[in-house]
Every structure is written in C-alpha cells, then in structure tokens.
Amino acid sequence: MAEAHQAVGFRPSLTSDAGEVELSAPMLQEIYLSGLRSWKRHLSRFWNDFLTGVFPASPLSWLFLFSAIQLAWFLQLDPSLGLMEKIKELLPDWGGQHHRLRGVLAAALFASCLWGALIFTLHVALRLLLSYHGWLLQPHGAMSSRTKTWLALVRIFSGRHLMLFSYQRSLPRQPVPSVQDTVRKYLESVRPVLSDEDFDWTAALAREFLRLQASLLQWYLQLKSWWASNYVSDWWEEFVYLRSRNSLMVNSNYYMMAARAGNAVHALLLYRHRLNRQEILPTLLMGMRPLCSAQYEKIFNTTRIPGVHKDHIRHLRDSRHVAVFHRGRFFRLGTHTQSGLLSPRALEQQFQRILDDPSPACPHEEHLAALTAAPRDVWAQVRRSLKTQAQEALEAVEGAAFFVSLDSEPAGLTREDPAASLDAYAHALLAGRGHDRWFDKSFSLIVFSNGKLGLSVEHSWADCPISGHMWEFTLATECFQLGYTADGHCKGHPDLSLPQPQRLHWDLPDKIHLSISLALRGAKTLSGNIDCHVFPFSHFGKSFIKRWHLSSDSFIQMALQLAYFRDRGQFCLTYESTMTRLFLEGRTETVRSCTREACNFVRAMEDKEKTDPQCLALFRLAVDKHQALLKAAMSGQGVDRHLFALYIVSQFLHLQSPFLDQVHSEQWQLATSQTAVQQIHLFDVHSYPAYVSSGGGFGPADDHGYGVSYIFMGDDVITFHISSKKSSTRTDSHRLGQHIEDALLDVAALFQEGQRLKRRGLGEDDSGHSRDSLPCHTRGSRAPTTATNF
C-alpha cells in the first residue's frame, strides 16, 4: 500500500570500510550477514516451537512411535534391524541391574532418530510439492488432473492439525528471475508511457546494462538466494523503510476503518494469545497453497526505533500493558493480572477511569507524539535526550503491546452528510492531528468519542494483509463472540480491586521544546495537505463481475486506467501491490497495470467510432494480460523487486548503471492496492454487511499522483479510498472518484449491451431482463472533466 511512496523515495547510503582496493568485500560481507540473520531467525523460531511443543512435531507423535518400538521389542521383534543393539553397546555399562534401562534408552534414541528422519523427509517432500506453480497459471475455475493430484498430495503431507507456522520450514525460497526476462518485461511495461525517442534511449541503456554489468550483479543475487532465506525481503525492509528519513505519517503508515469500540482491546489481546500459541490457521491461497506466516511474529510488542541513518525494529517477546493517550496525557494500562487477561468489562472500567481523570496535560506533553511524525534523523537525535530524561515513560510507550488513542472528537459515517463524514473519518485515521498517534508503534488503535474506531499501521514490519487478518478477527470477535449488554456495556463485571491506570510523567528538557513545536508544525502541514475521499460504489459488486467469468481485481484495475486517463488525459506508470508470500519470508511485488493492452482498451473507449463489441474484446485482452502479470509476480517472476535488488548490489559494488538509475528515478503517479477479505467464515457478510470492515487507505506515492485502495464488501458493494495532495494543481481526489464511478458503469454497460445483443441474436425478448440492476447508462454518457492544467 504505502510502500509505493517509500520505494520511489529510497536512496541507499552505503559505505565501504575496505577502501578502493577490494570493492566486492562489503558485498560479500552483506550477503554473509544477511544469511546469518536468516539462520538466527530460524534458530529463534525453532526454540520457540520447541518450547511450545510444536516442533519438530507434536510430542504425542514421538510417544506413539516410541511405544510402538517398545511393543515390537516386547514381542521379540526388532524394527531397528540391529541398530538398537549397536546403540546399547555405545551406552555406558551401569551394571547388570541397569541392563533394562539401557534397552529403554536405546529405544528412545532410535525412536528420536527415526522420528526426526521421518519429519525431515516429510518437510522435504512438502517443499518439493509447494515449489509447483502450475496451478496458478491455469484458467480460473479449471483444475487439471495433475493439479488435483498435487493438491491431494499437499493435503496428505501437511497433516491434519495445522498451526500458524506449520508450513514455514517447507516453503520454497523465492527464485531469482532471469535478468534478460526482467529487462524485457520492464521495457514492455514502460513502452505505453514513453515517447518513441525516450523508449529508444531507455532500450539502449538496457542493452548496455545487459552487456556490461548484469551478469556480475546477477551472480551476487544468486549467491545470496542460496545462503539467505530470501534474496530481496531483508533489503526491502532495510533500504525502502528503515533507511528512509521521511516522516512516517502519510508516507509509511496506512489506516483501516471499523464501526464499533468497547471490546476491541480485549479482542486484540485474544488474537495475540492465539498467535503466541499458533492457534491461528495458516492462510491458504485459493484454499490450496499455504502462504508464509513470518510477518505475523511482529504484530504486537513492536516499535520502530529511530536512528540518525537507519531505524531498527524492536520486538519484545511479551508485553502486559498498552499505552493510552487521552487529552494530551499518556497512561500505562495493565492488561493482565496474575490470573490472566482482564475481562472486557474490567478493561472498559480502566478506560473509563482514564476518561474521568481530571488532571491536565503537562507543558509540551500534549504535543510530544508529534516527534514520531518528524523526519527520522531529527526524531532520533531528540529521542536520545528524551531517553535520559524520561526513560521510564518512554519505555512504557515503546514497550507496550500497542498504542491506544482515545480521541475526544466523534468520527465515522453520518446520515446528515455521509460523503464529507467518510472523508473526514479517513483523514483522521491516516494523519489525525499530527500529535495524537505514536507513529513508531506497529499499530495504534484509535477510538473516537462516539465509539467508532480504526487502526493506524506502521508499514515496515509487515504488509497490509497481516494487519487486515488481525482486524477481521477483532471485529468479528468483538461483536459476535464478546457482545454487549442491553445498556451498552461490555459483558461481565467490573473489578474495583484493580489499581488506577498509571499516569506517565515526562521530564522534558527545555532544549527539546523547540523540536516539539517544529515537529508539530511539520505534522500539521503534512496532514493539512492530504485530500482523502472515500466512497462506496453500490451499483454492482463482485457478484456482477464474477458472472462474466472475470477477475474482480483485473476488472477494477482496467476501470482505474480508464478513470485516470479521463482525469489527466494521459497514461502513467501504475503501481499495484501483490504478495510474494508463496515463498519463505516473501513480502510484495509490483504489478505494472498500465499495459499496452490496457491502453488500447482505454483509447477504444474514448473513440466514438469504436463499437461496444470491439471495446469489449479489447477489455478482455487487457484483463487477460493483467492476470498474466499478476500470476507472474506472485510466482516470483516480477520485475521491480529483482531490479531493486540488482540496484542495491550495484551500489555495494560502486558500479554506476545508467539503466538502473533510470529505473529507480521513475515516479508512480497512480499507486493502487486491494484490501482482501480473508476470513469470510468468521461471520455471514450477506446477513451482516454492516460489520464488514470498510477497508483502508494510504497516501499518494507522488506529489502529483493518487493513492487508490479498494475493498469488495460482500457481493454488491465496492468501497474506494482515494488520496492526493491539495498542493498539486493536477490532482483532485473527488474528481478522480467521479471518474472511477463513471468508468465502472461504462465498462458494465459494455457487458450489458453484449448480453442484449446476444439475446437478440438468439431471437429472445430482452425486455424485462433487469437482473443486473444497474442504472440506465451507456458508454460515455457523462461528459469527461479531464484536467488540463498539467
């Protein structure tokens, strides 16, 4: 989501301590350290799984195997073919009375070795199975006999009792694509947006790159892919996020919406409890292929600590409190007692105590959190002083499970002015007032005075589907499992024996007062420059699109191309985020949605001489092309992450590449992302559509561009979140929203007209066929309002 902005703005700052003599030494050292970090993570996960009794497998499986060996030995059968006798010979001789004990120990050692060998074999077999991607390339709705066989084998080798990290050690590593293929795909992607002269110049740079530098850079990537868990994900986190010196607000955070509060904190902590016990089922793509779960580890107890040159992520094993902000004051609210997690009613009681606390904020305390929205190097320097003067309060905030902001203003959809209220709701979640969010925390829960709530999520630690999964669980649990009493309170009984939430006191040195004021001014400027627009499109939804056997995501992406062209009168590079979690520690890849096929479709739609059947045929070609790009990106054959990694290697080696410099100077004027609904089993979206999250949004990637997020709410509604900058004379979020609505109706009209002509050709009476329930709309019925001031 917000990664597009970070990807454009990153500038790696690399230094070499080896001088000019051996320029490759830092690169080899970086590869070594990357692999070392990977192995440390593997060992940490191994130890955690061992402590929780889930690795290498359930202890009961070992006990069953050991009992079977003992039974066979009792029946005078030797399943070890003599190996246990050899093991007994190697054991110390403790005397005749301990002969039986030696036999038991030999059986236990043999059972352990056999148990480990069987588990290792299962992991290897499952990894080989999960390396198959043929199922992804098959037409939608079709499954070959080969894929059916593969799926059956995956289910057999996966076992019956799945846990969150069950597949982690069996996931394949992300492959390094062929550099020739990547460059070819890149040139194909920029052809629609470049003039002939500019394209020829870019193609010449690409040929020079392939001839002079590509093979060396590719060799280093191949080496890293063999040694580390993932050849690109750790660099993506470090150089795109942690080394960025920009403000986190708007640039790196994103938001999510919901409609209720009350039990939310308890539901979030229930999710953490299930996460720690690995009771959350692994996500299966299309119900078949498991996705990497590594990003779940840092949802809670995580803070991004600022540094002068580079931030780092601090993750604690546990935290038994949340940090709360209300009317300029900070509190430490304990979430557990010796008997366990506080009940929802007890948590409500503690929050009410904070709301009733009459004490005023201390000088400058009210605006302290604005420092987390300041440029990262500035905040890092101020934090050093803050850590010496107010270490206890700072530790209480940074060491919290998450951050809670109790807003004194209402927010959310209102009947009086639904459009403006949704826009204000989105803006409040994305930026707030600049000083009421601790942007360093992995996420902040914002609770408004009327009970509406939302999330503000920092992006570096994980991608949107991870926080989205947590948010879906929270909303469903908060409403359908925990619930409320008739008078609106959380269920249960208050606990008057609980101590008051602890008020945090900040001893702020005078020298940081000016820093707080400057940070607040910058945050308010950034917040005031963001134009947010949220609108639900209710004319049709996923069910209408699926009726025509089309990908709903590709349908929206092509409509966005048409809408942007009508808005700006030109095409642009389009960033659509997709995931690479089919692979171990995979994160995201870019789908370049502005293809030649998409441009042909858009031009046809704007050409009055083109017939509807011609436009429809071009639309299907554009959708097919988009699907091919999407599947290639998901299977590790995308363009941008490979080029990014090649660029990082070139910087380590101090090799100047005009082609790679050109690639990473591009601007994404249209950044898009779909918010997927992942857990539809939690509640019936048809019976309770109001309880589905309205999705979320992010800031634009370019000063003159748009950020567009969308979510399919059930089968009949699509909610769009659009952002742009008010300072730009080229963009207007509301104007683009109108173009999106028109584009969707225009595309839908193509299919309706095609259906009408088909019925007429069959001699059927098409009168009364109104099951599509769309408004009367023909292509281009609303005059475009294309911006001309670019």
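User: Before I ask about neighbours, what does contact mean here?
Analyst: Contact means heavy atoms within 4.5 Å. The model is a predicted one.

User: OK. Which residues is Arg-437 in contact with, leaving aside neighbours within four places in sequence?
Analyst: Ala-369, Thr-372, Phe-403, Ser-405, Asp-407, Ala-428, Leu-429, Gly-432 and Ile-446. With Ser-405 there is also a polar contact, side chain to side chain, at 3.5 Å.

User: Where does Arg-437 lie?
Analyst: In the loop between helix H15 (418-430) and strand S11 (443-447).

User: And is Arg-437 buried or exposed?
Analyst: Buried, because its relative accessible area is 1% and the cut-off for buried is under 20%.

User: Switching to the nonpolar side. How many residues are in the largest nonpolar core?
Analyst: The count is 87, and the residues with the most contacts inside that core are Trp-235, Ile-299, Phe-402, Leu-445 and Phe-659. Helix H22 (residues 640-652) supplies the largest share, eight residues. Apart from this core lies another, of 47 residues, including Leu-560 and Cys-615.

User: What does Leu-445 touch?
Analyst: Not counting residues up to four places away in sequence, its partners include Phe-403, Ser-405, Leu-453 and Trp-471. Ser-405 is also on the contact list of Arg-437.

User: Now the whole chain. How many helices and strands?
Analyst: 24 helices and 20 strands. The chain has 790 residues, of which 56% count as buried.

User: What about the accessible surface?
Analyst: About 34,500 Å², with 57% belonging to carbon and sulfur atoms.

User: And what share of contacts with a separation of 6 or more comes from residues 24 or more positions apart?
Analyst: Such pairs account for 80%.

Technical notes. Residues numbered from 1 in each chain as written. Predicted model: local features only at pLDDT ≥ 70, side-chain atom pairs only at ≥ 80, totals over all residues. Heavy atoms only, no water. Core = buried A, V, L, I, M, F, W, Y, C linked by side-chain atoms within 4.5 Å. Buried < 20%, exposed > 50% of the residue type's maximum accessible area, 1.4 Å probe, protein only. Helix = DSSP H or I, 4+ residues; strand = E, 2+ residues; numbered from the N terminus. Areas by Shrake-Rupley, 256 points an atom, 1.4 Å probe, with all protein chains shown as cover. Polar contact = N/O pair within 3.5 Å; in protein donor to acceptor, adjacent residues only side chain to side chain.
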